[in-house]
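Keep the structure open as you read.

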Amino acid sequence: MFHIGQDGWLFLTGGSNDVVAQYGNSREVWARLLAWRRLALARAARAEGLGARYLHVVVPEKITIYDNKFAGLRVNVRRSPAWRLARLLSLTRAGRAILVDLVGPMRAGRDAADLYFRTDTHWSFPGYFLAYREICRACGATPRDDLALRPSHLCAQVMDIETKLPFPEPEPVMRHVLQRDAVREPGALVRVYEAAGRGHDLHVGAHVVFRNTSPQADPRRVVLFGSSCSGHVHGMLSGALAETFREVHFVWSASIDWAYVEAVRPDLLLFEIAERFMARVPTDDFSVEAFAAERIRALAQEGA
């Protein structure tokens, strides 16, 4: 389900994650938020035991940021899962130390530029560049302002919510090419999918490593567990971080593979999730290696 707002803004309201329901005030909603708080604090403590700092990033829904474009949609954005989790985490020093709040900065900057595509659930370049700068601020890194000056090109594309309309129309999209200093090393699953010409079909389980030998690179090693807002190609949030830090490992997963973290021993453990996916609390039982092996076998059977 979706809602047509003002000025061509489309909002996802339903779907498998029942987006609007997460802005409710039921016991179930609060129990889930408290479970997220416990999980984030437990992750931070475990990461600290491995010599890493944990940062928790929720990518707000368009509904949370652009309520001024609703045009009739009745949602109490003060009950945004991202907003309420931020308030719960801010109650303790440990919680404040891991929180990267994007709701406040994005609402403050929403009129300066379109932080999301109008017909899509994802953020635009100004959106993920703002998030990137907030993450850098939180972990004490110097953001690469020159990323905004990297090569870009304008294209027209039918975006995800727009495809639900009877007569979908493309939206002008500015794509930035961030890759310059970092070298991308795809994991086994990504290599197999890209060799088959299906790299863009891969979602959960995608795994890549970026190595950056530039003298300007922050010397720290980063492991990022995230979603399509980060991306396994050299773009969006993972690409911006790759151009900033010496080494960035990206895994597309809401659950953390702790064996992988222990093997890499990062300085920073980042977690990014789209707000709508907070409908489910992860169990942190993911295995990068086992998932890749299973999907590679499945792909081989499809081609047999």
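G226 has its bridge partner in β10, and that partner is W252. The two strands involved, β9 (residues 218-226) and β10 (residues 245-252), run parallel and pair over seven bridges. Bear in mind as you look around that this is a predicted model.

Now zoom out to the sheet. β9 and β10 belong to an open sheet of seven strands, with mixed pairing and the order β4-β3-β11-β9-β10-β8-β7. At the edges you'll find β4 (99-100) and β7 (182-186); each has a single partner strand, so one side of each has no neighbour in the sheet.

Helices pack on this sheet too. One of them is α1 (residues 27-49), which touches β3 (53-59) and β11, its direction making about 150° with that of β3. Another is α7 (residues 188-195), which touches β7 and β8 (207-212); here the angle between the helix direction and that of β7 is about 85°.

Next, the empty spaces. Rolling a probe the size of a water molecule over the atoms shows where empty space is left. Searching the whole structure that way turns up four cavities of 30 Å³ or more.

| Space | Volume | Lining by class |
|---|---|---|
| Largest pocket | about 1,100 Å³ | 17 nonpolar, 15 polar, five charged residues |
| Second largest pocket | about 190 Å³ | four nonpolar, six polar, three charged residues |
| Largest cavity | about 70 Å³ | nine nonpolar, one polar, one charged residues |
| Second largest cavity | about 50 Å³ | four nonpolar, one polar, two charged residues |

Which residues lie nearest the centre of the largest pocket? They are H122, S228, G231, M236 and W252, out of 37 lining residues. β6 gives the most, with three residues.

The second largest pocket is lined by 13 residues, and those closest to its centre are L12, T121, D160, K164 and R276.

As for the largest cavity, its lining includes H56, V58 and P60, along with A82, L85 and A86, and also L99 and V100. β3, α3 and β4 each supply at least two of the lining residues, and α3 gives the most, with three.

The second largest cavity is lined by Q22, V29, R32, L33, P81, R84 and M278. Here α1 and α3 are the elements giving two or more residues, with α1 giving the most, at three.

Two backbone spots deserve a look before you close the viewer. Most residues other than glycine have a negative phi. A71, though, has a positive phi near 55°, and D284, also not a glycine, has one of about 55°. You'll find A71 in the loop between α2 (62-65) and α3 (81-89), while D284 is in the loop between β11 and α10 (288-303).

Is D284 buried or exposed? Its relative accessibility is 16%, under the 20% cut-off, so D284 counts as buried. A71 comes in at 42%, between the 20% and 50% limits, and therefore counts as partly exposed.

Terms used: Residues numbered from 1 in each chain as written. Predicted model: local features only at pLDDT ≥ 70, side-chain atom pairs only at ≥ 80, totals over all residues. Heavy atoms only, no water. 1 Å grid on protein atoms, 1.4 Å probe; cavity = no way out; pocket = protein on both sides within 12 Å on 5 of 7 lines; lining within 4 Å. Points joined across faces, edges and corners; volume = space filled by probe spheres on them. Helix = DSSP H or I, 4+ residues; strand = E, 2+ residues; numbered from the N terminus. Nonpolar A, V, L, I, M, F, W, Y, C, P; charged D, E, K, R; others polar. Buried < 20%, exposed > 50% of the residue type's maximum accessible area, 1.4 Å probe, protein only. Pairing = 2+ DSSP bridges. Contact = heavy atoms within 4.5 Å. Axes fitted to C-alpha atoms, helices over the stretch in contact; angles between N-to-C directions.
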